[in-house]
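Dear colleague,

Here is the structure that I promised to pass on to you, and my notes on it follow below. Please read them with the model open beside you.

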Amino acid sequence: MELLENINPKLYRKCEEREITPDEEDDSVVDPFDSREVFDLIRSINDPEHPLTLEELNVVEQSLIEVDNANNEVNVKFTPTIPHCSMATLIGLSIRVQLLRSLPSRFKVSVAITPGTHNSEDAVNKQLADKERVAAATENSHLIEVINQCISNH
Amino acid sequence: MSGTMGKLELIQTLLGHEGRVWDVCWHPQGNTLASCGEDKTIRIWGREGSKWANKTILADGHQRTIREVAWSPCGNYLASASFDATTAVWDKKSGQFECNATLEGHENEVKSVAWAKSGHLLATCSRDKSVWVWEVADDDEYECAAVLNAHTQDVKKVVWHPHLDILASASYDNTIKFFKEDVSDNDWICIATLVSHESTVWSLAFDSTGTRLASCSDDHTVKIWQQYLPGNTEGIMTPGNEPVWKCVCTLSGYHSRTVYDISWCHNTGLIATACGDDIIRIFKEVEDSDPNEPSFVLYHACHGAHTQDVNSVMWNPAVPGLLASTSDDAEVKIWQFTD
């Protein structure tokens with residue numbers, strides 16, 4: 001059996017369920033799209049190696065998600081569990097695909113590694129930012145199968 | 001000038017493609033248009049009275065996304081480059097469009113295909129980092145003349161010089177390279193590498209003379225390059241007796257996202273860009289600007305030209321001011337620019 005890269009990952013507690021404010025209950029008030037909504041879309045994505053979610057591994061956190069509703073921008077930073085994690089591109093791609101499938105098309109989405117947390121962050125970020133590379137990768141049936149497995153359980 | 005000069009009027013929106021439309025290419029005679037995309041089809045559009053209508057849909061030619069289409073200079077052939085690693089060549093000799101040749105060899109996605117003006121050569125490029133030059137023999141036969149491994153990353157675009165058999169390529173390695181056939185041994189060689197962009201170079205366009213090149217990039221800029229020949233009066237050194245290309249103008253601060261495509265009109269001299277911020281921009285060179293330090297202004301900016309990223313733009317080669325564009329929003333649009 002192959003040795004896992006990160007045999008003993010650090011676990012984090014899931015954050016609490018969202019508190020519903022009176023404004024949110026009011027149907028006549030339009031809810032602005034916010035970072036919590038984006039977090040809810042990606043928190044349960046599975047890590048490719050361990051039976052744990054990206055939230056449980058602290059790979060994604062709500063505080064590292066920026067939403068600019070007025071300018072239709074969503075920026076997600078994710079933190080690989082170890083600096084030489086070879087799954088970083090796959091994790092980034094899973095986040096991108098999940099958001100591509102769930103967010104309204106008006107949003108420009110960027111997914112990048114939290115600065116300073118990975119040895120090859122520039123190279124990985126460049127790939128994740130290249131929509132042609134992302135599109136071609138997701139046409140690869142083997143790869144999309146792996147990604148779908150990470151994203152499923154929603 | 002702040003991008004509000006002239007008028008870019010939407011003539012028609014062409015619907016039909018499903019998903020992202022990557023590219024559009026005008027037929028050399030200007031009355032036909034081909035588009036391609038994620039839905040693995042090529043759609044051919046032609047004039048029907050005052051409107052444009054879909055004439056043909058070419059499906060089953062490719063197994064994956066079709067990234068670029070290009071009409072041959074004679075107008076009788078259409079080449080299509082696909083993520084399925086092949087390039088197909090279509091013609092209408094039988095009365096209907098048929099794929100009569102398939103060029104194989106690239107290891108993965110083919111990103112661009114271009115025909116040389118002379119009509120005897122075709123070029124393709126791929127994520128496999130190589131640029132291939134193909135010779136066109138008679139009877140739908142294509143022979144690989146060269147496999148050029150000069151780039152260190154994914155090659156996004158190939159473009160031929162408007163008059164000579166000189167090839168330019170743009171890459172994820174942030175550089176532009178020029179290639180030509182060495183007369184002494186008939187080998188294709190890299191004769192220049194243009195370094196200035198700070199990220200992937202997505203596309204290129206020569207001006208009508210072939211002495212200037214415009215490039216666009218993920219670094220949100222457009223750069224204008226000027227050719228200096230051996231013996232030039234500006235005193236620029238030309239090692240190896242080959243022309244040298246220098247970046248003489250950088251247009252920065254205009255595009256807020258990746259610039260995916262650029263088109264330089266050989267009739268009007270206007271430059272159009274396709275950007276990830278959904279805007280089509282038109283740049284005009286300032287009159288009497290110094291050729292060694294030219295000035296371009298943002299003449300017109302069409303905000304929300306599409307509802308998503310604009311992937312390609314092309315000026316009509318025959319009708320001045322007529323422009324086609326495509327987008328992630330699945331639409332192809334035809335515009336008329338008037339000064």
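In this predicted model, strands S4 and S5 of chain B form a hairpin with 2 residues between them, and Gly49(B) in the turn has a positive phi of about 70°. Strands and helices here are DSSP runs numbered from the N terminus (E, at least two residues, for a strand; H or I, at least four, for a helix), and two strands are said to pair if DSSP finds at least two bridges between them. S4(B) and S5(B), the latter spanning residues 51–58, run antiparallel and are joined by 7 bridges, with Ile44(B) finding its bridge partner in Thr56(B). S4(B) also pairs in the antiparallel sense with S3(B), residues 32–37, over 5 bridges, and there Thr32(B) has Gly46(B) as its bridge partner. The hairpin of S3(B) and S4(B) has 4 residues between the strands, and Lys40(B) takes a positive phi near 65° in it. Because 5 of the 7 residues of S4(B), residues 42–48, are buried, this strand is largely enclosed by the rest of the structure; buried means under 20% relative accessible area, exposed over 50%, and partly exposed in between (1.4 Å probe, protein chains only).

Before going further, a word on conventions: residues are numbered from 1 along each chain as its sequence is written, while chains are lettered from A and ligands numbered from 1 in the order in which they are written. Local features need pLDDT of at least 70 and side-chain atom pairs count only at pLDDT 80 or more, whereas totals for chains, interfaces and linings use all residues, and side-chain values use heavy atoms, with hydrogens and water left out.

S22(B), residues 259–264, runs antiparallel to S23(B) and is joined to it by 5 bridges, and S23(B) pairs with S24(B), residues 280–285, in the antiparallel sense over 4 bridges.

As for the cysteines, the structure holds 0 disulfides over all chains, a disulfide being a pair of cysteine sulfur atoms within 2.5 Å. The sulfur of Cys25(B) is too far for a bond, because the closest cysteine sulfur, in Cys36(B), is 9.2 Å away. Cys25(B) counts as buried, since its relative accessibility is 8%.

The largest nonpolar core has 33 residues, and Ile42(A), Val60(A), Val76(A), Phe78(A) and Ile95(A) have the most contacts inside it. Such a core is a set of buried Ala, Val, Leu, Ile, Met, Phe, Trp, Tyr and Cys residues joined through side-chain atoms within 4.5 Å. Helix H3(A) gives the largest share of this core, 7 residues.

Finally, where the chains meet, 14 residues of chain A are in contact (heavy atoms within 4.5 Å) with 24 residues of chain B. The two chains bury about 1,600 Å² between them, 41% of it on carbon and sulfur atoms, where buried area is the accessible area (1.4 Å probe) lost on putting two parts together, summed over both. Between chain A and chain B the count is 11 salt bridges, each a side-chain nitrogen of Lys or Arg within 4 Å of a carboxyl oxygen of Asp or Glu; one of them joins the side chains of Asp130(A) and Lys156(B) at 2.8 Å, N to O.

With best wishes
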